[in-house]
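Here is a short briefing on one protein chain. Keep the structure open while you read, and find each residue as it comes up.

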Amino acid sequence: MAEEVKIGETEIRDARKLGTPKMLTLGFQHMFAMFGATVTVPLLTGLSVSTTLLCAGVATLLFHVLTKFKVPAFLGSSFAFLAGYAAIAPMIDGQANVEMLPYACLGVAFSGILYLILAAAIKIAGIKKIMKLFPPVVTGPIIMAIGLSLAPSAITNCSGNWWLAIVALTLVIIANVFGKGMIKIIPILIGIIGSYLVAVIVGNVCGVEGFAVDFTSVQEAAWIGLPIQWSHTVFGGVHDSGLAIGAIIAIVPIALATMMEHIGDISAISATCNRNFLTDPGLHRTLLGDGIGTILASLFGGPANTTYGENTGVLALSRVYDPRVVRIAAYFAILLSFCPKFAALITSIPMAIVGGISFVLYGMISAIGVRNVVEAKVDFSKTRNTLIAGVILVVALGLTNGITIVIDEVSITLTALAIASVAGILLNIIFPEKDFSPENAFESVTDSKQINLDENE
(Lines give C-alpha, C1' and ligand atoms only; values in the text may rest on other atoms or scores of the structure.)
Protein backbone atom coordinates (compact mmCIF):
# COMPACT_ATOMS: atom_id res chain seq x y z
CA MET A 1 0.00 0.00 0.00
CA ALA A 2 1.40 3.40 -1.00
CA GLU A 3 2.60 5.70 1.78
CA GLU A 4 0.39 8.75 2.36
CA VAL A 5 2.22 11.82 1.05
CA LYS A 6 1.17 15.47 0.90
CA ILE A 7 1.82 15.87 -2.79
CA GLY A 8 2.25 19.31 -4.28
CA GLU A 9 3.23 20.84 -0.93
CA THR A 10 6.71 19.39 -0.54
CA GLU A 11 9.36 17.96 -2.84
CA ILE A 12 9.09 14.27 -3.67
CA ARG A 13 12.20 12.34 -4.69
CA ASP A 14 10.75 8.84 -4.56
CA ALA A 15 7.51 8.77 -6.56
CA ARG A 16 6.85 5.17 -5.50
CA LYS A 17 5.40 6.64 -2.30
CA LEU A 18 2.56 8.00 -4.42
CA GLY A 19 1.53 4.60 -5.76
CA THR A 20 1.56 3.24 -9.32
CA PRO A 21 -1.56 5.04 -10.67
CA LYS A 22 -0.25 8.46 -9.66
CA MET A 23 3.23 7.68 -10.99
CA LEU A 24 1.75 6.72 -14.36
CA THR A 25 -0.29 9.93 -14.43
CA LEU A 26 2.80 12.01 -13.69
CA GLY A 27 4.69 10.22 -16.45
CA PHE A 28 1.82 10.87 -18.83
CA GLN A 29 1.98 14.57 -17.95
CA HIS A 30 5.69 14.67 -18.79
CA MET A 31 4.93 13.02 -22.12
CA PHE A 32 2.31 15.66 -22.90
CA ALA A 33 4.72 18.45 -21.92
CA MET A 34 7.34 17.30 -24.41
CA PHE A 35 4.98 16.13 -27.13
CA GLY A 36 4.11 19.45 -28.74
CA ALA A 37 7.69 20.61 -29.24
CA THR A 38 9.02 17.13 -30.05
CA VAL A 39 6.62 16.56 -32.95
CA THR A 40 7.01 20.12 -34.22
CA VAL A 41 10.55 19.42 -35.45
CA PRO A 42 9.54 16.55 -37.77
CA LEU A 43 6.62 18.63 -39.00
CA LEU A 44 9.06 21.39 -39.98
CA THR A 45 11.71 19.12 -41.48
CA GLY A 46 9.75 16.27 -43.03
CA LEU A 47 11.08 13.65 -40.62
CA SER A 48 8.69 10.98 -39.33
CA VAL A 49 6.67 11.81 -36.21
CA SER A 50 6.59 8.13 -35.17
CA THR A 51 10.36 7.77 -35.62
CA THR A 52 10.86 10.94 -33.61
CA LEU A 53 8.78 9.58 -30.71
CA LEU A 54 10.65 6.27 -30.73
CA CYS A 55 14.06 7.95 -30.79
CA ALA A 56 13.11 10.41 -28.05
CA GLY A 57 11.99 7.59 -25.78
CA VAL A 58 15.02 5.39 -26.43
CA ALA A 59 17.45 8.32 -26.11
CA THR A 60 15.88 9.32 -22.79
CA LEU A 61 16.24 5.83 -21.35
CA LEU A 62 19.83 5.62 -22.58
CA PHE A 63 20.54 9.01 -21.02
CA HIS A 64 19.21 7.80 -17.67
CA VAL A 65 21.39 4.68 -17.80
CA LEU A 66 24.52 6.73 -18.54
CA THR A 67 23.71 9.24 -15.79
CA LYS A 68 23.18 6.52 -13.17
CA PHE A 69 19.40 7.09 -13.12
CA LYS A 70 19.93 10.35 -11.19
CA VAL A 71 18.93 13.14 -13.61
CA PRO A 72 15.19 13.68 -14.29
CA ALA A 73 15.69 14.87 -17.85
CA PHE A 74 13.73 14.07 -21.00
CA LEU A 75 15.46 14.15 -24.38
CA GLY A 76 13.24 15.52 -27.14
CA SER A 77 13.74 17.03 -30.60
CA SER A 78 16.26 19.88 -30.82
CA PHE A 79 15.21 23.04 -32.64
CA ALA A 80 18.82 24.18 -32.99
CA PHE A 81 19.41 21.97 -36.04
CA LEU A 82 16.44 23.24 -38.06
CA ALA A 83 18.74 25.50 -40.07
CA GLY A 84 20.95 22.51 -40.89
CA TYR A 85 18.01 20.46 -42.15
CA ALA A 86 16.78 23.43 -44.17
CA ALA A 87 20.20 23.85 -45.79
CA ILE A 88 20.74 20.21 -46.71
CA ALA A 89 17.19 18.87 -47.14
CA PRO A 90 14.78 21.76 -47.68
CA MET A 91 11.13 20.70 -47.91
CA ILE A 92 9.64 20.75 -51.41
CA ASP A 93 6.17 22.31 -51.67
CA GLY A 94 5.55 21.41 -48.05
CA GLN A 95 6.62 17.80 -48.57
CA ALA A 96 9.61 15.99 -47.11
CA ASN A 97 12.81 15.94 -49.14
CA VAL A 98 13.11 12.17 -48.73
CA GLU A 99 16.24 11.87 -50.88
CA MET A 100 18.32 14.40 -48.92
CA LEU A 101 17.03 13.90 -45.37
CA PRO A 102 19.37 10.93 -44.68
CA TYR A 103 22.34 13.18 -45.55
CA ALA A 104 21.15 15.83 -43.12
CA CYS A 105 20.72 13.13 -40.48
CA LEU A 106 24.29 11.98 -41.14
CA GLY A 107 25.55 15.49 -40.48
CA VAL A 108 23.60 15.63 -37.23
CA ALA A 109 24.96 12.23 -36.18
CA PHE A 110 28.53 13.51 -36.65
CA SER A 111 27.70 16.60 -34.60
CA GLY A 112 26.98 14.27 -31.69
CA ILE A 113 30.64 13.26 -31.75
CA LEU A 114 31.55 16.75 -30.47
CA TYR A 115 29.54 15.95 -27.34
CA LEU A 116 31.70 12.89 -26.78
CA ILE A 117 34.88 14.93 -27.26
CA LEU A 118 33.81 17.54 -24.68
CA ALA A 119 32.69 14.79 -22.29
CA ALA A 120 36.13 13.17 -22.59
CA ALA A 121 37.85 16.52 -21.95
CA ILE A 122 35.83 17.00 -18.76
CA LYS A 123 36.58 13.42 -17.71
CA ILE A 124 40.32 14.01 -18.16
CA ALA A 125 40.65 17.61 -16.92
CA GLY A 126 38.04 17.41 -14.18
CA ILE A 127 34.87 19.37 -13.59
CA LYS A 128 36.66 21.93 -11.37
CA LYS A 129 38.59 23.41 -14.29
CA ILE A 130 35.56 23.40 -16.56
CA MET A 131 33.31 25.03 -13.96
CA LYS A 132 35.61 28.06 -13.83
CA LEU A 133 34.12 28.87 -17.23
CA PHE A 134 30.54 28.61 -15.98
CA PRO A 135 30.00 30.61 -12.76
CA PRO A 136 26.41 31.60 -11.79
CA VAL A 137 26.83 35.02 -13.41
CA VAL A 138 27.12 33.17 -16.73
CA THR A 139 24.79 30.20 -16.26
CA GLY A 140 22.02 32.20 -14.54
CA PRO A 141 21.43 34.62 -17.45
CA ILE A 142 21.77 31.73 -19.91
CA ILE A 143 18.97 29.88 -18.11
CA MET A 144 16.87 33.07 -18.15
CA ALA A 145 17.55 33.46 -21.86
CA ILE A 146 16.47 29.87 -22.58
CA GLY A 147 13.01 30.61 -21.21
CA LEU A 148 12.74 34.15 -22.57
CA SER A 149 13.91 33.15 -26.05
CA LEU A 150 11.02 30.69 -26.21
CA ALA A 151 8.48 33.39 -25.30
CA PRO A 152 7.82 34.54 -28.90
CA SER A 153 6.87 31.00 -29.92
CA ALA A 154 4.35 30.89 -27.07
CA ILE A 155 2.81 34.17 -28.25
CA THR A 156 2.72 32.97 -31.86
CA ASN A 157 0.93 29.78 -30.85
CA CYS A 158 -1.57 31.69 -28.71
CA SER A 159 -2.37 34.11 -31.53
CA GLY A 160 -4.36 31.40 -33.33
CA ASN A 161 -7.05 31.58 -30.65
CA TRP A 162 -6.33 33.68 -27.58
CA TRP A 163 -9.54 32.57 -25.84
CA LEU A 164 -8.49 28.93 -26.03
CA ALA A 165 -4.96 29.79 -24.88
CA ILE A 166 -6.36 31.69 -21.89
CA VAL A 167 -8.54 28.71 -20.96
CA ALA A 168 -5.47 26.42 -20.98
CA LEU A 169 -3.40 28.92 -18.97
CA THR A 170 -6.21 29.51 -16.47
CA LEU A 171 -6.75 25.81 -15.86
CA VAL A 172 -3.02 25.33 -15.20
CA ILE A 173 -2.93 28.22 -12.73
CA ILE A 174 -6.10 27.15 -10.91
CA ALA A 175 -4.94 23.54 -10.63
CA ASN A 176 -1.48 24.53 -9.38
CA VAL A 177 -2.52 27.30 -6.96
CA PHE A 178 -5.84 26.05 -5.61
CA GLY A 179 -5.65 22.33 -6.37
CA LYS A 180 -5.27 19.73 -3.64
CA GLY A 181 -3.47 16.41 -3.70
CA MET A 182 -2.98 14.90 -7.15
CA ILE A 183 -4.70 17.81 -8.88
CA LYS A 184 -1.93 20.14 -7.72
CA ILE A 185 0.87 18.16 -9.33
CA ILE A 186 -0.69 17.49 -12.75
CA PRO A 187 -1.69 21.04 -13.79
CA ILE A 188 -0.23 20.68 -17.29
CA LEU A 189 -2.21 17.54 -18.03
CA ILE A 190 -5.39 19.14 -16.69
CA GLY A 191 -4.76 22.28 -18.76
CA ILE A 192 -4.29 20.31 -21.97
CA ILE A 193 -7.21 17.91 -21.55
CA GLY A 194 -9.57 20.58 -20.19
CA SER A 195 -8.90 23.12 -22.93
CA TYR A 196 -9.01 20.38 -25.59
CA LEU A 197 -12.49 19.39 -24.41
CA VAL A 198 -13.52 23.06 -24.50
CA ALA A 199 -12.30 23.30 -28.10
CA VAL A 200 -14.27 20.19 -29.10
CA ILE A 201 -17.47 21.29 -27.35
CA VAL A 202 -17.38 24.93 -28.46
CA GLY A 203 -16.01 24.32 -31.95
CA ASN A 204 -17.15 20.89 -33.09
CA VAL A 205 -20.41 20.59 -31.16
CA CYS A 206 -21.58 24.22 -30.98
CA GLY A 207 -19.99 25.23 -34.29
CA VAL A 208 -18.16 28.35 -33.08
CA GLU A 209 -15.59 29.36 -35.68
CA GLY A 210 -11.94 29.17 -34.69
CA PHE A 211 -12.38 26.51 -31.99
CA ALA A 212 -13.05 23.34 -33.99
CA VAL A 213 -10.56 20.48 -33.87
CA ASP A 214 -9.72 18.80 -37.18
CA PHE A 215 -10.02 15.02 -36.75
CA THR A 216 -9.38 14.16 -40.40
CA SER A 217 -5.83 12.92 -39.85
CA VAL A 218 -6.97 10.90 -36.83
CA GLN A 219 -9.63 9.10 -38.86
CA GLU A 220 -7.21 8.32 -41.69
CA ALA A 221 -4.33 7.08 -39.49
CA ALA A 222 -3.77 3.38 -38.84
CA TRP A 223 -3.84 1.91 -35.33
CA ILE A 224 -0.52 0.08 -35.60
CA GLY A 225 2.53 0.81 -37.74
CA LEU A 226 6.32 0.51 -37.69
CA PRO A 227 7.97 3.79 -36.62
CA ILE A 228 11.11 3.38 -38.77
CA GLN A 229 11.47 3.03 -42.55
CA TRP A 230 14.89 1.70 -43.60
CA SER A 231 15.13 3.88 -46.70
CA HIS A 232 14.81 6.97 -44.49
CA THR A 233 17.73 6.01 -42.27
CA VAL A 234 21.37 6.94 -42.82
CA PHE A 235 22.17 3.30 -43.51
CA GLY A 236 19.55 2.97 -46.24
CA GLY A 237 19.54 6.47 -47.71
CA VAL A 238 23.15 7.70 -47.95
CA HIS A 239 24.92 6.70 -51.17
CA ASP A 240 26.86 9.78 -52.37
CA SER A 241 30.08 10.44 -50.40
CA GLY A 242 30.35 14.00 -51.74
CA LEU A 243 26.90 14.94 -50.47
CA ALA A 244 27.67 13.23 -47.18
CA ILE A 245 30.86 15.24 -46.60
CA GLY A 246 29.10 18.48 -47.50
CA ALA A 247 26.31 17.74 -45.03
CA ILE A 248 28.77 16.97 -42.26
CA ILE A 249 30.72 20.20 -42.80
CA ALA A 250 27.53 22.26 -42.84
CA ILE A 251 25.83 20.79 -39.78
CA VAL A 252 28.54 19.74 -37.30
CA PRO A 253 29.39 23.32 -36.14
CA ILE A 254 25.83 23.69 -34.84
CA ALA A 255 26.79 21.34 -32.01
CA LEU A 256 28.87 24.16 -30.51
CA ALA A 257 25.56 25.89 -29.84
CA THR A 258 23.67 22.89 -28.51
CA MET A 259 26.45 21.91 -26.10
CA MET A 260 26.23 25.35 -24.50
CA GLU A 261 22.47 24.96 -24.28
CA HIS A 262 22.98 21.53 -22.71
CA ILE A 263 25.06 23.01 -19.90
CA GLY A 264 22.39 25.66 -19.33
CA ASP A 265 19.64 23.03 -19.29
CA ILE A 266 21.46 20.79 -16.81
CA SER A 267 22.08 23.86 -14.66
CA ALA A 268 18.35 24.61 -14.80
CA ILE A 269 17.44 21.05 -13.81
CA SER A 270 20.00 21.20 -11.00
CA ALA A 271 18.53 24.45 -9.69
CA THR A 272 15.01 23.07 -9.93
CA CYS A 273 15.78 19.84 -8.09
CA ASN A 274 18.25 21.33 -5.57
CA ARG A 275 20.89 18.85 -6.69
CA ASN A 276 24.18 19.55 -8.44
CA PHE A 277 23.96 17.18 -11.40
CA LEU A 278 27.02 18.86 -12.93
CA THR A 279 29.14 17.10 -10.34
CA ASP A 280 26.99 14.06 -9.56
CA PRO A 281 26.64 12.12 -11.81
CA GLY A 282 28.78 14.67 -13.66
CA LEU A 283 28.60 16.93 -16.69
CA HIS A 284 30.69 14.45 -18.66
CA ARG A 285 27.99 11.82 -18.17
CA THR A 286 25.10 14.10 -19.16
CA LEU A 287 26.99 15.22 -22.28
CA LEU A 288 27.75 11.59 -23.10
CA GLY A 289 24.08 10.66 -22.78
CA ASP A 290 22.92 13.59 -24.88
CA GLY A 291 25.59 12.99 -27.54
CA ILE A 292 25.00 9.25 -27.92
CA GLY A 293 21.24 9.83 -27.93
CA THR A 294 21.63 12.31 -30.79
CA ILE A 295 23.92 9.99 -32.75
CA LEU A 296 21.60 6.99 -32.52
CA ALA A 297 18.44 8.99 -33.24
CA SER A 298 19.95 10.60 -36.31
CA LEU A 299 21.33 7.37 -37.74
CA PHE A 300 17.82 5.88 -37.71
CA GLY A 301 16.08 8.88 -39.25
CA GLY A 302 15.14 10.90 -36.17
CA PRO A 303 16.06 14.48 -35.27
CA ALA A 304 18.82 15.53 -32.90
CA ASN A 305 17.88 15.23 -29.25
CA THR A 306 18.31 17.70 -26.42
CA THR A 307 17.34 17.96 -22.77
CA TYR A 308 13.90 19.55 -22.64
CA GLY A 309 13.09 22.78 -20.84
CA GLU A 310 9.37 21.94 -20.99
CA ASN A 311 9.92 18.98 -18.69
CA THR A 312 12.07 21.10 -16.39
CA GLY A 313 9.06 23.38 -16.08
CA VAL A 314 6.90 20.38 -15.15
CA LEU A 315 9.43 19.42 -12.46
CA ALA A 316 9.26 22.93 -11.02
CA LEU A 317 5.46 22.90 -10.98
CA SER A 318 4.90 19.40 -9.62
CA ARG A 319 7.93 19.27 -7.30
CA VAL A 320 8.20 15.56 -8.04
CA TYR A 321 11.89 15.11 -8.87
CA ASP A 322 12.05 11.33 -9.19
CA PRO A 323 13.63 10.37 -12.56
CA ARG A 324 11.27 7.39 -12.64
CA VAL A 325 8.35 9.56 -13.74
CA VAL A 326 10.42 10.85 -16.67
CA ARG A 327 11.32 7.32 -17.68
CA ILE A 328 7.63 6.46 -17.62
CA ALA A 329 7.13 9.26 -20.16
CA ALA A 330 9.86 7.65 -22.28
CA TYR A 331 8.08 4.28 -22.15
CA PHE A 332 4.85 5.97 -23.22
CA ALA A 333 6.64 7.67 -26.13
CA ILE A 334 8.12 4.35 -27.32
CA LEU A 335 4.80 2.54 -27.02
CA LEU A 336 2.87 5.26 -28.81
CA SER A 337 5.43 5.49 -31.61
CA PHE A 338 3.87 2.25 -32.88
CA CYS A 339 0.41 3.86 -33.00
CA PRO A 340 0.07 6.38 -35.84
CA LYS A 341 -3.52 7.11 -34.80
CA PHE A 342 -2.43 8.36 -31.38
CA ALA A 343 0.28 10.51 -32.94
CA ALA A 344 -2.38 12.03 -35.18
CA LEU A 345 -4.65 12.63 -32.17
CA ILE A 346 -1.94 14.48 -30.29
CA THR A 347 -0.97 16.59 -33.29
CA SER A 348 -4.64 17.56 -33.60
CA ILE A 349 -4.34 19.57 -30.37
CA PRO A 350 -4.78 23.24 -31.38
CA MET A 351 -1.52 25.18 -31.20
CA ALA A 352 -3.29 27.83 -29.13
CA ILE A 353 -3.52 25.29 -26.30
CA VAL A 354 0.19 24.55 -26.62
CA GLY A 355 0.81 28.30 -26.45
CA GLY A 356 -1.22 28.70 -23.28
CA ILE A 357 0.65 25.87 -21.59
CA SER A 358 3.97 27.30 -22.77
CA PHE A 359 3.25 30.56 -20.94
CA VAL A 360 3.76 28.73 -17.67
CA LEU A 361 6.56 26.37 -18.66
CA TYR A 362 8.77 28.95 -20.37
CA GLY A 363 8.21 31.45 -17.58
CA MET A 364 9.22 28.88 -14.97
CA ILE A 365 12.52 28.29 -16.76
CA SER A 366 13.38 32.00 -16.72
CA ALA A 367 12.37 32.26 -13.07
CA ILE A 368 14.75 29.42 -12.25
CA GLY A 369 17.56 31.44 -13.86
CA VAL A 370 16.70 34.39 -11.63
CA ARG A 371 16.67 32.10 -8.61
CA ASN A 372 20.06 30.75 -9.62
CA VAL A 373 21.79 34.14 -9.47
CA VAL A 374 19.90 35.25 -6.35
CA GLU A 375 20.71 32.16 -4.30
CA ALA A 376 24.31 32.20 -5.52
CA LYS A 377 24.45 35.81 -4.25
CA VAL A 378 25.85 37.23 -7.47
CA ASP A 379 26.86 40.82 -6.71
CA PHE A 380 25.41 43.02 -9.45
CA SER A 381 26.85 46.13 -7.87
CA LYS A 382 30.04 45.05 -9.61
CA THR A 383 30.25 46.40 -13.16
CA ARG A 384 31.94 43.19 -14.26
CA ASN A 385 28.93 41.03 -13.32
CA THR A 386 26.42 43.48 -14.77
CA LEU A 387 28.36 43.59 -18.03
CA ILE A 388 28.47 39.81 -18.42
CA ALA A 389 24.79 39.28 -17.60
CA GLY A 390 23.72 42.21 -19.77
CA VAL A 391 25.65 41.05 -22.82
CA ILE A 392 24.28 37.50 -22.50
CA LEU A 393 20.67 38.67 -22.29
CA VAL A 394 20.90 41.30 -25.05
CA VAL A 395 22.66 38.99 -27.49
CA ALA A 396 20.38 36.01 -26.73
CA LEU A 397 17.20 38.05 -27.13
CA GLY A 398 18.40 40.55 -29.72
CA LEU A 399 19.96 38.29 -32.35
CA THR A 400 16.66 36.62 -33.12
CA ASN A 401 17.96 35.02 -36.31
CA GLY A 402 21.43 34.24 -35.00
CA ILE A 403 24.45 34.73 -37.25
CA THR A 404 24.89 33.00 -40.59
CA ILE A 405 28.39 32.20 -41.85
CA VAL A 406 28.84 31.23 -45.51
CA ILE A 407 31.63 28.76 -46.30
CA ASP A 408 31.99 27.57 -49.90
CA GLU A 409 28.37 28.50 -50.63
CA VAL A 410 27.20 26.53 -47.59
CA SER A 411 25.42 28.57 -44.91
CA ILE A 412 26.05 27.76 -41.27
CA THR A 413 23.75 29.46 -38.75
CA LEU A 414 24.74 29.86 -35.11
CA THR A 415 21.78 30.44 -32.80
CA ALA A 416 21.52 33.56 -30.68
CA LEU A 417 21.69 31.50 -27.49
CA ALA A 418 24.94 29.87 -28.59
CA ILE A 419 26.51 33.23 -29.43
CA ALA A 420 25.34 34.67 -26.10
CA SER A 421 26.79 31.70 -24.23
CA VAL A 422 30.16 32.04 -25.95
CA ALA A 423 30.15 35.80 -25.32
CA GLY A 424 29.44 35.28 -21.62
CA ILE A 425 32.15 32.65 -21.28
CA LEU A 426 34.72 34.84 -23.03
CA LEU A 427 33.87 37.89 -20.93
CA ASN A 428 34.16 35.78 -17.79
CA ILE A 429 37.64 34.70 -18.89
CA ILE A 430 38.76 38.20 -19.92
CA PHE A 431 37.45 39.77 -16.70
CA PRO A 432 37.93 37.04 -14.06
CA GLU A 433 36.17 37.23 -10.71
CA LYS A 434 38.95 37.34 -8.14
CA ASP A 435 36.84 36.12 -5.24
CA PHE A 436 34.94 33.49 -7.25
CA SER A 437 35.56 29.88 -6.31
CA PRO A 438 34.18 27.03 -8.45
CA GLU A 439 33.58 25.08 -5.24
CA ASN A 440 30.86 27.64 -4.43
CA ALA A 441 29.49 27.98 -7.93
CA PHE A 442 26.49 25.76 -7.32
CA GLU A 443 26.09 25.85 -3.57
CA SER A 444 22.57 27.12 -4.24
CA VAL A 445 21.53 23.84 -5.81
CA THR A 446 23.15 21.29 -3.56
CA ASP A 447 24.48 20.59 -0.10
CA SER A 448 28.12 21.65 -0.09
CA LYS A 449 29.07 18.45 1.74
CA GLN A 450 27.99 16.46 -1.31
CA ILE A 451 30.14 18.40 -3.76
CA ASN A 452 33.61 17.34 -4.72
CA LEU A 453 34.68 19.22 -7.81
CA ASP A 454 38.09 17.54 -7.71
CA GLU A 455 36.46 14.17 -8.15
CA ASN A 456 36.86 13.01 -11.74
CA GLU A 457 34.76 9.89 -11.82
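Start with a helix that is not straight: helix 14, residues 278-299, bends by about 45° at arginine 285. Keep in mind that this is a predicted model. The chain has 20 helices and 4 strands. Of its 457 residues, 56% are buried.

- Helix 14 is mostly covered, with 17 of its 22 residues buried.
- Proline 281 lies in this helix.
- A cis peptide bond links aspartate 280 to proline 281, with omega at about 15°.
- Just after helix 14 comes glycine 301, which takes a positive phi of about 90°.

**The chain as a whole**

- Residues 24 or more positions apart account for 82% of them.

**Helix 6 with helix 19**

- Helix 6 covers residues 136-158, and helix 19 covers residues 383-398.
- Their axes come within 9 Å and cross at roughly 25°.
- An angle under 35 degrees counts as roughly parallel, so helix 6 is roughly parallel to helix 19.
- The crossing of these two helices is right-handed.
- Helix 6 contributes Val137, Val138, Pro141, Ile142, Met144, Ala145, Leu148 and Ser149 to the contact.
- Helix 19 contributes Arg384, Asn385, Ile388, Ala389, Ile392, Leu393, Ala396 and Leu397.
- By class, the residues of this contact are 13 nonpolar, 2 polar and 1 charged.

**Helix 4 with helix 12**

- Helix 4 spans residues 101-125, and helix 12 spans residues 241-251.
- The two axes come within 8 Å and cross at roughly 50°.
- That angle makes helix 4 oblique to helix 12.
- Helix 4 passes helix 12 in a right-handed crossing.
- On helix 4, the contact residues are Tyr103, Ala104, Leu106, Gly107, Val108, Phe110 and Ser111.
- On helix 12, they are Leu243, Ala244, Ala247, Ile248 and Ile251.
- This contact has 10 nonpolar residues, 2 polar and no charged.

**Helix 7 with helix 9**

- Helix 7 runs over residues 162-178, and helix 9 over residues 187-205.
- Their axes come within 8 Å, crossing at roughly 145°.
- The crossing of helix 7 and helix 9 is right-handed.
- Leu164, Val167, Ala168, Leu171, Val172, Ala175 and Asn176 make the contact from helix 7.
- From helix 9 come Pro187, Ile188, Ile190, Gly191, Gly194, Ser195, Val198 and Ala199.
- The residues of this contact divide into 11 nonpolar, 4 polar and no charged.

- Is aspartate 265 buried or exposed? Its relative accessibility is 8%, and the cut-off for buried is under 20%, so aspartate 265 counts as buried.
- Aspartate 265 sits in helix 13, residues 255-273.
- Leaving out residues up to four places away in sequence, aspartate 265 touches Ile146, Thr306 and Thr307.
- Leucine 315 belongs to helix 15, residues 309-318.
- Leucine 315 is also buried, because its relative accessible area is 0%.
- Which residues does leucine 315 touch, not counting those up to four places away in sequence? They are His30, Pro72, Ile269, Thr272, Cys273, Val320 and Tyr321.

**Positive phi in a loop**

- Lysine 68 is in the loop between helix 2 (49-66) and strand 1 (75-77).
- Phi of lysine 68 is near 60°, a positive value in a residue other than glycine.
- Lysine 68 has a relative accessible area of 30%, so it is partly exposed.
- Phenylalanine 69 is found in the loop between helix 2 and strand 1 as well.
- Phi of phenylalanine 69 is near 60°, again positive in a residue other than glycine.
- Phenylalanine 69 counts as partly exposed because its relative accessibility is 44%.

Terms used. Residues numbered from 1 in each chain as written. Predicted model: local features only at pLDDT ≥ 70, side-chain atom pairs only at ≥ 80, totals over all residues. Heavy atoms only, no water. Axes fitted to C-alpha atoms, helices over the stretch in contact; angles between N-to-C directions. Parallel < 35°, antiparallel > 145°, perpendicular 65-115°, else oblique. Left-handed = near helix turned anticlockwise from the far one by under 90°. Contact = heavy atoms within 4.5 Å. Nonpolar A, V, L, I, M, F, W, Y, C, P; charged D, E, K, R; others polar. Bend = angle between axes of the 7 residues up to and from the residue. Buried < 20%, exposed > 50% of the residue type's maximum accessible area, 1.4 Å probe, protein only.
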